[in-house]
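I opened this model to go through its layout, its packing and a few single residues. My notes follow in the order I looked things up.

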Amino acid sequence: MQSFFAWLTQIQSTNEDDLRRGRTTIIVALVMIGLAVLAIPISLLSDTALSGVAIITIGITAYLVTITVTRLGRVNLGGFILITFIILPILAPIIIAASPTSPLTSPFYLILALLVAGLTLRPALIWVVLAINVVGLFIAWNIAGVPLFANAIETSLEAAAIFLQIGAALFTFVGGKITDGALQEARRLREDARQSAARLAELNASLETQVAQRTAALQTALRDLELRAAEQARLLAENEQQRQAIRELSVPVLPVRDTTLVMPLIGAIDSTRLSDMQEHALEQIEQTGARELLIDVTGVPVIDTQVAKGLIQLVEAARLMGTRVMLAGIRPEVAQTLVSLGVDLSSIRTFSTLQAALAQRS
């Protein structure tokens, strides 16, 4: 049923005002058809049953035509057909003099046509309906032979009927204008909302694009950073390996006999190299089980107090491991420096050259 009603109220128009008024016209026409159908049994009980049924049939046909025309998009035409067949049943009793009071009371029902016009027609067309009402009323009075303004009572009723319709037309016109204004404002607000939603969607899409671009850029930068970090870690590892190799080369320990190791030193000795020398020498003593360690300092330009203390510490540590340490290659200027500094190397056996030390051990 709901789908049928939706189909019935479909109108071939894109104008929102026509769609609204057209649906109202169709609904009113359906109501009039319903009332006409209910009037058929009543008409059959009257003396003029045949003519009554014929009139009702014509009315139903007219309302069906109204619905058809309106659905085709001719909303104003459909509205006028509907209003015409509302006016005719009201004026008919006046023309046929159905009752003595019809000429004076029926005109008041013409207000219904104005009210329907306010729902189904544009406000400006309400005045056309008013003109049709007034002209039709005077024609009906003339056909029925109703004397106009014959006495005070009839004059009052006739004037009241006319002015009441004018008032109803004015009221309906103002109401229609207000309704149209409200609907236009609603449409404007809806359009503004639609445009705002479109702008918001556009901004949202732009923001999402920017976020996606920045996310991609950040991901690229992160990948580059990770690659650089990995490369830096690799370089640091290689550097550490090279430093380790350099440290080992800077303090080489060479086996010359099964139980004798020689450590030739070249260049200046700082605290780091001194520590490496001690560590490397003790490791080699442990690994080889050597009983003698001969340190050649011929290539060392300066032996200060710190270096001398380091050598003494190495001698003591090696002695604890069962190895005797000897020192060879002390040049005269180095010997003078050690004496001036008051360094005591009496615990270390010394030789003038490496060859002398090796010859002594042979």
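Before the spans, a note on terms: helices (H or I, at least four residues) and strands (E, at least two) are DSSP runs, numbered from the N terminus. I'm on a predicted model, where local features need pLDDT of at least 70 and side-chain atom pairs count only at pLDDT 80 or more, while totals for chains, interfaces and linings use all residues. Residues are numbered from 1 along each chain as its sequence is written, and side-chain values use heavy atoms, with hydrogens and water left out.

**Entry 1, annotated spans.** The unreviewed entry marks "transmembrane region" at 26-44, 50-70, 77-98, 104-121, 128-153 and 159-178. I checked two of these: residues 50-70 are 100% helix and 0% strand, with end C-alpha atoms 30 Å apart, and residues 159-178 are also 100% helix and 0% strand, with ends 28 Å apart. The unreviewed entry also puts a "coiled-coil region" at 183-242. That stretch is 100% helix and 0% strand in the model, and its end C-alpha atoms are 85 Å apart.

The bounds come from an automatic or database domain assignment. I get domain 1 at 1-176 and domain 2 at 254-359, with 130 Å between their centres, taken over C-alpha atoms.

I count a nonpolar core as buried Ala, Val, Leu, Ile, Met, Phe, Trp, Tyr and Cys residues joined through side-chain atoms within 4.5 Å; buried is under 20% relative accessible area (1.4 Å probe, protein chains only). The largest one has 38 residues, and Leu 82, Ile 83 and Ile 86 have the most contacts inside it. Helix α4 gives the largest share of this core, eight residues. Apart from it lies another core of 29 residues, including Val 253 and Leu 338.

Ala 62 is in helix α3 and is buried, at 7% relative accessible area. Beyond four places in sequence, Ala 62 touches Ile 81 and Phe 85 (heavy atoms within 4.5 Å).

Arg 71 also belongs to α3 (residues 49-71). What is the nearest side chain of opposite charge to Arg 71? I found Asp 18, 15 Å away, and Arg 71 is buried with no salt bridge (a side-chain nitrogen of Lys or Arg within 4 Å of a carboxyl oxygen of Asp or Glu). Among the contacts of Arg 71 outside four places in sequence are Trp 7, Gln 10 and Ile 26.

Notes:
Buried < 20%, exposed > 50% of the residue type's maximum accessible area, 1.4 Å probe, protein only. Lys, Arg positive; Asp, Glu negative; His and termini not counted. UniProt positions renumbered as here; feature names shortened; annotations may be inferred.
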